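Subject: Structure for you to look at

Dear colleague,

I am passing on the structure that we talked about, together with some notes on it. Please open it first and keep it in view while you read.

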Amino acid sequence: RGGQFFGRGRSYSGQTRQRDEETAVREEEKALPADVRLLTELQGHSKKITAIAFEPTSQQVYTASFDGTVRTWSSVTGEAVTCVEVGGEVDSMLLAGGFLFVGFHKGTEGIIKVWNMATGSDHILTGHKGGINCLAIAGTALVSGGQDHSLRVWNFNQQAGIFMSQAIITKEDGGHSSCIIAITVLGPYMFTTDFDGTILVWDLTAGKVTQSLTCAHDGPIMQLLVYESHMLSAGIDGVIKVWEVLSSPAPGMVLKPEPDFVFDKDKSEEGPRRAKLQRPGILAMAGTSDPAGTPILMVSYNGEKCVRLFELPSFSSRGYLVPVEMARTLASVSTTGTVMMTGDQNGAVRIFAWQPTLLAS
């Protein structure tokens, strides 16, 4: 579904707004929306969840945690299948192309462990310093973004059967000057974000930056998400920005330089924000859809015990996923129905499902 982006809200002032916000926090901790139910909770991790993925062939859910383990679970029974200790705190994980990639750090060393899902063989990729915050597939290559400000490109060597280093991209090569946080690939372009609030757009054919949006957010940009002809970015500054992906990109102009819309859940359409109100940062964002096919945005805010649901493109509220203590990663999977998965700071993984029967009643 398309349409222009717009917000819905009321005008608040003084103590009235404060009371409403406090009431909203209490209410969102009480119950799920009528059309959502909690299927199960996966228990086993002891520290924050950093990634969730689903493998359709085996029908297994993969979870990664700062406790140094990657666990697999049956999506049918919810029972634990395996638990692998990788040797360090896990920062990121990616299931793609028949491989499982796990980025972790051990001391000051950043390591990517690669499992071939068909053969069961594994190998490691080294070179990063510190955490490996994001992993993505660009074309046939693996791209990793690290705390060391570098992007690294790894190509698969068919003869050796392993991934090997192809390129290291630093500030001197036109890359980032701060910690890299997120990577998203859309067609021939790759979008990367960093701690300083910059979005870089890469031309994958030319292998270089074609557009730079500095100060796209006031601080770290935690997530990027493609929605129809737009790119959504979410930051620690607490706002979601909606950027138009131009239908006829040109060198230096893939995204419209100014966002079409800026969504701030705490700011009404009329009047300024209360000066004392501190906007909570966004920790994670993911897309899903309800049984009617309506696009839904899942958003986790710092300090909240819920995941907020917003309908796109209006950003009107669809309720909350509760209880979830500051979710660090979110995912959505469509099998026999659409399920939403949350991984929180305490190591809990919860799986929620829409209830289409209520929609039809």
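Below I describe a sheet and then some charged side-chain pairs.

Before that, please keep in mind that this is a predicted model, in which local features need pLDDT of at least 70 and side-chain atom pairs count only at pLDDT 80 or more, while totals for chains, interfaces and linings use all residues. Residues are numbered from 1 along each chain as its sequence is written, and side-chain values use heavy atoms, with hydrogens and water left out.

The sheet

Strands of a sheet pair through backbone hydrogen bonds, either parallel or antiparallel. Here, four strands make up an open sheet in the order β1-β29-β28-β27, and their pairing is antiparallel. Strands are DSSP runs of E with at least two residues, helices are runs of H or I with at least four residues, and both are numbered from the N terminus; two strands count as paired if DSSP finds at least two bridges between them. At the edges lie β1 (36-42) and β27 (327-334), each of which pairs on one side only. From one strand to the next, the twist averages 20 degrees, where axes are lines fitted to C-alpha atoms and angles run from 0 to 180 degrees between N-to-C directions. Between β27 and β28 (residues 338-344), which run antiparallel, there are seven bridges, and A327 has D344 as its bridge partner in β28.

The salt bridges

Side chains of opposite charge can pair when their charged atoms come close. Eleven salt bridges turn up in a search of the whole structure, a salt bridge being a side-chain nitrogen of Lys or Arg within 4 Å of a carboxyl oxygen of Asp or Glu.

One of them joins R318 and D35, at 3.2 Å from N to O. Because R318 lies in strand β26 (residues 316-321) and D35 in the loop between α1 (14-28) and β1, this pair ties together parts that are 283 residues apart in sequence. R318 is buried at 18% relative accessibility, and D35 is buried at 17%, where buried means under 20% relative accessible area, exposed over 50%, and partly exposed in between (1.4 Å probe, protein chains only).

R318 also forms a salt bridge with D290, with the closest N and O atoms 3.1 Å apart. D290 sits in the loop between β23 (282-289) and β24 (295-301), 28 residues from R318, and D290 is buried too.

Another salt bridge joins E304 and R308, at 2.8 Å from N to O; E304 is buried at 8% and R308 at 11%. Finally, D35, D290, E311 and R318 belong to one network of salt bridges that share partners.

Best wishes
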